[in-house]
Amino acid sequence: MPNPTAAMLVIGDEILSGRTRDANMHHLAGQLTEAGIGLEEVRVVSDDHDRIVAAVRALSEGYDHVFTSGGIGPTHDDITADAIGAAFGAHVDVREDARALLEAHYARTGSDLNAARLRMARIPDGATLIDNPVSTAPGFKLGNVHVMAGVPSVFNAMVASVLPTLTGGVPLLSETLRVERGEGDLAGPLGVVAAEMPELSFGSYPFQKDGVYGSNIVVRGPDRAALQIAISRLERALAL
């Protein structure tokens, strides 16, 4: 049985404007790889209701799991909850369990649960909450879409909350062969070995540093022994 598939939707004008560098995709990809869930697509959309709705619908239909980051904070441009609700035809309003979490949190910190902060308790009908041990304001899951914060420390904590609830597959392993030759010299032998072992994934990633250029050939798959065989065949084919 093939491993489950996943996609990620990164939401926020600040990502597309270059003001903020996204770190969440890198973290999610690593965690999903270890869980045996293949991250196959990542999209970035602006804080635009209709674009978010369209992206959520497309990704939800195409993959087993969808993970979003960004847009569930207290400000006017945090519209992800409403867009997710619209994508699934679910009404969005303040949920009492989410309100209770925020009330307790702000009581402990001596702050008021004002109207802006209460926006973070707006959850679509039918959703289940995702725990946020960092700043309390919950994410949520609706259908196969996991809606999480954009702040990396909070996003990472939410991923840790979600992953144990998912059924993964066989974790993907990798082996790397560094070759100090141009890709034009590698392409033929690499293509032959890749055709001989279609159960594995082969990639070539060129580098140039301190006057040295070449490629890192990365082989991925679920079987460590098969990876080692592939590396040995590459070494022979390239006369290393």
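Helix packing

1. The crossing of H2 and H7 is right-handed, a term used when the near helix is turned clockwise from the far one by less than a right angle, anticlockwise being left-handed. The axes of H2 (residues 24–35) and H7 (residues 152–162) come within 10 Å and cross at roughly 20 degrees, and the two helices are therefore roughly parallel (angles under 35 degrees).

2. In the contact between them (heavy atoms within 4.5 Å), Asn24, His27, Leu28 and Gln31 of H2 meet Pro152, Phe155, Asn156 and Val159 of H7. These residues of the H2 and H7 contact comprise four nonpolar, four polar and no charged.

3. This is a predicted model, in which local features need pLDDT of at least 70 and side-chain atom pairs count only at pLDDT 80 or more, whereas totals for chains, interfaces and linings use all residues. Residues are numbered from 1 along each chain as its sequence is written, and side-chain values use heavy atoms, with hydrogens and water left out.

4. The axes of H3 (residues 49–62) and H4 come within 8 Å and cross at roughly 50 degrees, and H3 and H4 are therefore oblique to each other. Their crossing is right-handed. The contact involves residues of H3 including Ile52, Val53 and Val56, and residues of H4 including Ala83, Ile84 and Ala87.

5. Within H4 (residues 80–88), Thr80, Ala81, Ala83, Ile84, Gly85 and Ala87 are buried (under 20% relative accessible area, with a 1.4 Å probe and protein chains only). After H4 comes Gly89, with a positive phi near 65 degrees.

Conventions: Buried < 20%, exposed > 50% of the residue type's maximum accessible area, 1.4 Å probe, protein only. Helix = DSSP H or I, 4+ residues; strand = E, 2+ residues; numbered from the N terminus. Axes fitted to C-alpha atoms, helices over the stretch in contact; angles between N-to-C directions. Parallel < 35°, antiparallel > 145°, perpendicular 65-115°, else oblique. Nonpolar A, V, L, I, M, F, W, Y, C, P; charged D, E, K, R; others polar.
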